[in-house]
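Thanks for making the time.

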Amino acid sequence: AGPLSPVLACGANTMEHCSICLEGLDNGVALACGHRFHAACLAQMASAVGTAATRRGALTACPNCRAVSRVALVSTPVAAFSVGDRVSALWGDRWYPGVVDGVIDGGGYEIRWDDGDEGDVLAAHVRAEAPGPARPPPR
């Protein structure tokens with residue numbers, strides 16, 4: 001058996017995960033081609049590739065199949081977390097626990113990870129920390 005065709009490979013998780021950020025897709029925006037993504041991910045991608053914005057959005061290519069669709073450019077997200085809030089933030093392909101150290105203008109957070117490292121993370125890649133077992137106190 002040979003490798004999957006690109007159409008089958010990209011369509012396998014179309015409804016379950018956003019192929020831009022690779023996170024679960026509870027709800028999302030469907031493009032004309034049928035592929036779905038987080039609205040914030042699409043808007044960020046459209047801005048990054050330099051598509052011209054109009055009152056009705058921007059024409060941009062689907063990241064999966066390159067079909068051109070109109071994307072609504074969402075406004076800058078309002079901060080959902082405050083300094084000191086415990087969160088999980090996406091870094092690479094994993095979620096790590098940390099604390100919000102600052103809110104960045106334009107939709108992001110400065111995160112202090114539990115291991116002491118720090119980094120800036122887009123708002124779309126930060127979520128409330130899932131409740132879990134109590135953590136041992138730091139040594």
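First, a term: two strands count as paired here if DSSP finds at least two bridges between them. Strands themselves are DSSP runs of E, at least two residues long, numbered from the N terminus. Keep in mind that this is a predicted model.

Now the pairing I want to begin with. Strand 7 and strand 8, the latter covering residues 108–113, run antiparallel and are joined by six bridges. Within that pair, G102 stands opposite E110 in strand 8.

On to the other partner. Strand 6, residues 86–91, is antiparallel to strand 7, residues 94–104, and six bridges connect them. Two of the facing positions: L90 lies opposite W95 in strand 7, and S88 lies opposite P97 in strand 7. These two strands make a hairpin, with two residues between them. In the turn, G92 has a positive phi of about 70°.

Stepping back to the whole sheet: what is the order of the strands? The order is 9-8-7-6-10, in an open sheet of five strands with antiparallel pairing. At the edges are strand 9 (118–122) and strand 10 (126–128). Each of these has a single partner strand, so one side of each is left without a neighbour in the sheet. From one strand to the next, the twist averages 50°.

Note on methods. Residues numbered from 1 in each chain as written. Predicted model: local features only at pLDDT ≥ 70, side-chain atom pairs only at ≥ 80, totals over all residues. Heavy atoms only, no water. Helix = DSSP H or I, 4+ residues; strand = E, 2+ residues; numbered from the N terminus. Axes fitted to C-alpha atoms, helices over the stretch in contact; angles between N-to-C directions.
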